Amino acid sequence: MSQSGIHLFLRCHSRLCGTVGDFLPYGSTLYVAASLLRLCPEQDLPGELLALDIEAYGGRLVRYVGTSPTLSGVVQEIARRIEESGLVHPAPQTWKIFLAALNHMETASDQELLRTFCAVAGEIGRPPGRMGNP
């Protein structure tokens, strides 16, 4: 990640925690972001990966946020859908999918964030009853 990529992640994480009303692990933010991108309509998905700021968010700084093993399934589904669209060549690397997901998350409404968080809460080990503001 670049410095701007790190700031993007931190903005998304802070916003998600505030929306949910609780402290969350960093990996939860990445999972929710990928889950939001997975919900993106077929015709919009390639554009999310080709957004100009994605390249600027990439860089040499490697960060591990600790995620659920189920995240790989979400990322594989996104990659498959992108590949099937035939509009992005070569198939995007995982880091680009993550940055596109965070970029997409930043533009999502608070309602979309909360709805997606509630939908995946069990998958990330956060039963909905543990949220500060359900």
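Colleague: Why is Arg81 called buried?

Modeller: Arg81 has a relative accessible area of 7%. Buried means under 20%, exposed over 50% and partly exposed in between, with a 1.4 Å probe and protein chains only. So Arg81 counts as buried. A word on the source: this is a predicted model, where local features need pLDDT of at least 70, side-chain atom pairs count only at pLDDT 80 or more, and totals for chains, interfaces and linings use all residues. Residues are numbered from 1 along each chain as its sequence is written, and side-chain values use heavy atoms, with hydrogens and water left out.

Colleague: Where is Arg81 found?

Modeller: In helix H5, residues 71–85. Helices are DSSP runs of H or I with at least four residues, numbered from the N terminus.

Colleague: What makes a polar contact with the side chain of Arg81?

Modeller: The side chain of Glu42, at 2.7 Å. A polar contact is a pair of N or O atoms within 3.5 Å; within protein, one must be able to donate a hydrogen and the other to accept it, and residues adjacent in sequence count only if both atoms are side-chain atoms. Beyond four places in sequence, Arg81 is also in contact (heavy atoms within 4.5 Å) with residues including Leu37, Pro41 and Leu45.

Colleague: Why does Pro41 count as partly exposed?

Modeller: Its relative accessibility is 36%, so Pro41 falls in the middle class. Pro41 is found in the loop between H2 and H3.

Colleague: And Thr19, buried or exposed?

Modeller: Buried, because its relative accessibility is 16%. Thr19 is in helix H1. A polar atom of its side chain lies 2.8 Å from the backbone oxygen of Arg15.

Colleague: Why is H2 called roughly perpendicular to H6?

Modeller: The axes of H2 and H6 cross at roughly 85 degrees and come within 8 Å. That makes H2 roughly perpendicular to H6. Axes are lines fitted to C-alpha atoms, for helices over the stretch in contact, and angles run from 0 to 180 degrees between N-to-C directions.

Colleague: Which residues in H2 meet H6?

Modeller: Among them are Thr29, Val32 and Leu36 in H2, while H6 contributes residues including Phe98, His104 and Met105.

Colleague: Which residues is Met105 in contact with, leaving aside neighbours within four places in sequence?

Modeller: They include Cys12, Leu16, Val32 and Leu113.

How values were computed
Helices (H or I, at least four residues) and strands (E, at least two) are DSSP runs, numbered from the N terminus. Angles under 35 degrees count as roughly parallel, over 145 as roughly antiparallel, 65 to 115 as roughly perpendicular and the rest as oblique.
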